[in-house]
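Here is a short tour of a two-chain model. Have the sequence and the 3D view open as you read, and follow along one part at a time.

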Amino acid sequence: MGYKTVLKGLLPLAATVLSTGAFAGKTELTVYTAFEADQLKEYEKSFESAHPDIDIRWVRDSTGIVTAKLLAEKNNPKADVVWGLAATSLMLLKQEGMLQPYKPQGVEKLRKSFVDNAATPSWVGAEAWVASICYNTVEGEKNNVPAPASWKDLTKPVYKGHVIMPNPNSSGTGFLDVSSWIQMFGEENAWAYMDGLHQNISRYTHSGSKPCKLAASGETTIGISFAYRGAKSKKKGAPLEIITPTEGLGWDLEATAIIKGTDKLEAAQKLMDWSITREANTMYNKYYAVVGIPSVEKQVPFYPENIGKKMIDNNFEWAASNRQAILAEWQNRYDGKSDPK
Amino acid sequence: MNVLLKQNPLTRLSFSGQGAGIVLSIIGMLVFLVLPVWSLLSRSVENKDGEFIGLANFAYYFQTPALLESAWNSLIIAAACTLLVTSSAFLYAYALNRTSMPGKSVFRLLAQLPMLAPSMMPAIGLIYLFGNQGVIKEWFPADSVYGAGGIIVGLSLWCFPHALIIINTALSLSDKRLHEAARVMGTPAWRRFLTVTLPAARYGLISAALVVFTLVLADFGVPKVIGGQFDVLATDIYKRVVGQQNFQMGAVVGVLLLLPSLLAFGLDRFFQRKQQESFSTSAVPYKPEANTTKDTLALIYCSVVAIGLMTVIGMAIYASFVTFWPYNLSFTLANYDFDMMDGGGWDAWFNSIEMAFLTALIGSLCIFLVAWLNEKTKGLKQSRNLLHLLAFMPLAVPGLVLGLGYIFFFNHPDNPLHWIYGTMTILVLSTIAHYFTVPYLTATTALKQIPNEFSAVADSLKVSQAQLFRRVTLPLSLPALLDISVYLFLAAITTVSAVVFLYSTDTTLAAVAILNMDEAGDTSPAAAMATVVFVSATVVRLIHSGLTASLRKHSQAWQLK
C-alpha cells in the first residue's frame with residue numbers, strides 16, 4: 001500500500017523535530033521579565049523598531065518566579081537581560097554578583113531613586129508600581145462590606161473571607177506590601193497586623209494581578225493588588241474603586257539590568273540604553289503614573305490621582321537584604337492558605 | 001544448526017533484525033522511562049549541592065505540618081473521587097449494558113466529553129456554575145466551590161469516562177448463561193445482581209477504581225484552578241519546583257506521589273491475572289430484555305449524568321464568549337485574543353497541534369513496532385518478558401514525576417541527549433513515554449487476532465518477516481493503529497502533567513497556557529483556550545470515527561460475519 005508515501009511524508013516532519021530552529025541573522029536577546037503580559041507586545045515592537053537588528057525573546061512570569069529562576073541558574077545563566085523586574089530582586093542579584101554594571105546613555109535624566117547608587121550602576125528603573133486596594137462596589141453593597149480606608153481597616157471582622165492578597169513568595173506585589181507594612185508599622189506590629197489580616201484572607205494568589213482581577217469579576221469583594229491592574233479593569237467596565245490606604249503605599253521599581261557573562265553584551269547595552277529613553281518613558285507612562293523621567297509624566301486614565309504623594313519613603317537596600325528572611329518568615333506563618341505554585 | 005541457518009538466510013537475517021529491534025526497544029524504555037525515574041529517586045536523597053544525605057529530605061518533609069497536610073489531603077480526595085466515580089460509572093455502564101433504555105449510542109458518546117478536554121476545563125466550568133459569581137451558586141453542596149468540594153467534583157467529572165470504559169468492557173463480557181441459569185432456578189433479581197452481575201464485573205470495578213485513584217493523585221490541573229487554599233501533593237510538587245526552584249523537595253514529593261501509584265499498579269496487575277483465569281471462551285453475550293421501570297430509571301439516571309457533564313463543559317464554553325463576567329454578559333471574541341495574555345498566545349495552540357500530531361504519528365509507529373516485535377518474535381524469551389514489563393511501567397508513573405525525572409536526567413550537562421532539553425522533541429518523547437501502555441495493549445490485542453499461521457506460511461514461502469509485516473500485519477492492524485494514534489493525539493493535546501516542567505518559551509502549549517492564564521487571573525481567556533483545545537480534540541475525534549467506519553467497510557469486510 002502507500003506506506004512509502006507515508007514514510008516520505010514523515011521525513012520532513014522528523015527533520016522539523018530534530019532541527020533546533022531556523023537560523024536567523026538577527027541577534028536574539030533572551031529577556032527575563034515580570035512586566036504584565038498585555039504590555040509585552042507593545043514594548044517589544046517599540047524597541048525592535050528602534051533596533052531592527054535585535055530580536056527579543058521574552059521569558060515572563062511573576063516577580064518571585066523570575067527571581068527564583070535567575071538565582072537557580074546562577075552558575076549557568078540563560079538570560080541576557082532582565083527588563084522589568086523589581087529593583088529589590090535586582091539588588092539581590094547584584095549582591096550575588098550576577099549583574100554586569102553599565103552606565104546607560106541619558107542616565108542623568110532619571111530620578112535619583114531610579115538609579116542604582118554605584119558609580120557605574122548595575123540597574124536602572126523604568127517605572128514605579130504602587131500598591132492599591134481594588135474594591136468591588138457592587139459586591140461591597142451586596143455583602144454589606146464597606147470600603148476600607150486604611151490597611152488597618154482590613155483586619156476588622158466585617159472583612160472576614162472577603163479579602164484576597166498575593167503570596168509574596170511568588171508575587172512582587174505581595175512582597176512590596178509586606179515590606180512596606182514592616183517599614184511603616186515596625187517589625188513586631190507588622191507581623192501582628194498580618195496575623196490579623198490572615199484571619200480575613202480567603203486565599204493568597206500566585207500573581208499580583210489576580211486579586212484585582214478577582215475583585216473586578218466579583219469573585220471577591222477586596223483584592224490587594226496594584227494601581228495599574230485596577231485602572232485597567234476599571235477601563236474595561238468593572239465596578240471597582242481603587243483605594244489608596246491612608247497609612248501610605250508600598251511600591252517598587254521595575255528595572256533593567258544586564259546579566260553578567262552574556263555573550264551579547266553589545267545588544268544588551270543597546271536595550272538598557274533604550275529602556276530609559278524619553279520614548280520608552282512615554283510608553284511606560286501609558287500604564288504607570290510614576291516613571292523615570294518626571295517631565296514626561298501625564299495622568300493615567302482611571303489611575304488614582306496624586307498617588308506619588310502617598311508612596312512611602314521606601315528603603316530598597318533594607319528590603320533587598322532582608323527579602324529572603326521576610327519571605328521565609330511569611331511562609332512559615334501563612335503558607336497553608338496559598339494558591340499552588 | 002549451522003546448516004539450517006545457511007539453508008534459510010532470510011529467516012536468519014530477519015531474526016537478528018528482530019533481536020536488534022528488541023534490544024533497541026529495551027534501551028529506549030530505559031533511556032526515556034527508567035533512568036529519568038531513577039534520577040528523581042536519587043535526587044530525593046541528595047542536598048542542593050548533590051551530596052548524599054540519606055533520608056534527611058524526607059525527615060524534613062514529614063516534620064513540616066503544612067507539607068504533611070497535603071499528603072493527607074491527596075489521599076482523602078483520591079479516596080472520595082474513587083468511590084464517587086466507580087459507583088456512578090458502574091450505574092451508567094449497567095444502564096448501557098443491562099437495560100434496553102433508548103438512546104444508548106448518544107449516552108455512550110456524551111460520556112466521552114470530558115476526555116476531549118484538559119482537566120482544567122471542568123474546573124473552570126464549575127467556577128462559572130458554583131463560584132462566588134456562579135449562576136447556580138446556591139446549589140453547591142459545600143460552603144464554597146473553592147477547596148476540597150470543588151476538587152472532588154471537578155476530578156470526578158474528568159475521570160468519569162476513564163472509569164466508564166473499563167467497567168463497560170467488564171459488563172459487556174458477562175456470560176448470559178449464568179443469568180439464565182439463575183433465573184431458571186428462581187433467584188430474585190436483587191440476588192442475581194449480587195451473585196452474578198457484581199462478581200463478574202468485580203475485576204473491572206477494581207481496575208477502574210485503581211485507575212481513577214492514580215489519575216486523581218497525579219492530576220494538578222483541577223486543584224490548581226479550583227483548589228483555593230486546599231493543597232494536595234500534585235500542586236505541592238509544582239509549587240516546590242516551579243515556584244521555589246527547590247528541586248530536592250520536588251523530588252521528595254515526587255517519590256511520595258510515586259509510591260501509592262506503584263501500589264495501585266501492583267494491585268491492578270495482581271487482580272488482572274486472576275481475571276484472565278476466570279474467563280471462559282464459550283461465554284454467550286448478555287442481551288437485556290425490556291423492563292419499563294428499570295429502563296425508565298436508567299434513562300433518568302443517564303440523562304442526569306450526561307446533562308451534568310454537558311452543563312459543566314458548556315458553561316466554560318459559554319463563559320469564554322462573555323465580555324465581562326458577571327457584569328456585562330454581552331457576546332465577544334475578545335477572550336480569544338490570546339496574544340495579549342499570559343500563556344504564549346495562539347502560538348501555544350499551534351505548538352500543541354504540532355506536538356499532538358507528532359506524538360500520534362511517531363508514537364503509534366514506535367509503540368506498534370514494539371508490540372509487534374514482542375508478539376511475533378520467536379525466542380529471546382527473557383528479553384521479551386523484560387520489554388513487556390517495561391511497557392507496563394508508565395501506568396505506574398504519574399506524569400509530574402516523569403516530567404521532573406526528565407529535568408534531572410536530560411538537563412544534566414553530561415547527558416549526550418542534553419540538546420533535546422527545551423525542544424519540541426522532549427515534549428513529544430515524554431508524552432509518548434507517559435501514555436505508552438494503553439496503546440501498547442491495544443496493539444498487542446490487535447496482533448494476537450492475526451493468526452500465527454501467516455507467519456508459518458510466510459516462512460515456507462521464503463517471505464521475510466519484514467515483508468510479512470508490511471504486506472499483511474500492518475494493513476490488517478490499521479483500525480487498531482488509528483485507535484492508537486487518536487488516543488495519543490487526544491492525550492497529547494490535553495495533558496499538562498509531564499510537559500508543564502518541560503516546555504520552554506518557544507514551545508508553550510495550549511493546555512499549559514490555560515494554567516498560566518488562570519494563574520494570572522484571566523479566567524475567561526483560560527476558558528477560551530480550553531474551548532479551543534476541546535474543539536480541536538472533538539474535530540480529530542470525529543475524523544477518526546469517520547475514517548474507522550470507512551476503513552471497516554472497505555478493507556475489513558472479510559472479518560465481519
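This is a predicted model: local features need pLDDT of at least 70, side-chain atom pairs count only at pLDDT 80 or more; totals for chains, interfaces and linings use all residues.

"In contact" here says that the C-beta atoms of two residues, placed from the backbone, lie within 7 Å. Helices (H or I, at least four residues) and strands (E, at least two) are DSSP runs, numbered from the N terminus.

Ala, Val, Leu, Ile, Met, Phe, Trp, Tyr, Cys and Pro go down as nonpolar, Asp, Glu, Lys and Arg as charged, and the others, Gly among them, as polar.

So where are these domains? Domain 1 of chain A covers 20-128 + 252-306, and domain 2 covers 130-250 + 315-337; such bounds come from an automatic or database domain assignment. Their C-alpha centres lie 26 Å apart.

## How chain A meets chain B

Now look at the two chains together. Their contact takes 40 residues from chain A and 43 residues from chain B. On chain A's side, the elements that give two or more residues are α1 (3-18), α2 (37-50), β2 (54-60), α3 and α8 (210-216). The top contributor is α1(A), with 5 residues. By class, chain A's side splits into 16 nonpolar, 11 polar and 13 charged residues.

## A look at chain B

Chain B has 23 helices and 2 strands. Its 561 residues would have a radius of gyration near 24 Å as a compact globule, and chain B's 25 Å agrees with that. The radius is taken over C-alpha atoms, and the globule rule is 2.2 Å times the number of residues to the power 0.38.

UniProt, in an unreviewed entry, lists residues 71-268 and 349-544 of chain B as "domain: ABC transmembrane type-1". Residues 71-268 are 76% helix and 0% strand, with end C-alpha atoms 22 Å apart. For residues 349-544, the figures are 73% helix, 0% strand and 20 Å between the end C-alpha atoms.

## Reading the numbers

Residues are numbered from 1 along each chain as its sequence is written, and chains are lettered from A and ligands numbered from 1 in the order in which they are written. Local features need pLDDT of at least 70 and side-chain atom pairs count only at pLDDT 80 or more, while totals for chains, interfaces and linings use all residues.

Methods
UniProt positions are given in the numbering used here, feature names are shortened, and annotations may be inferred rather than shown by experiment.
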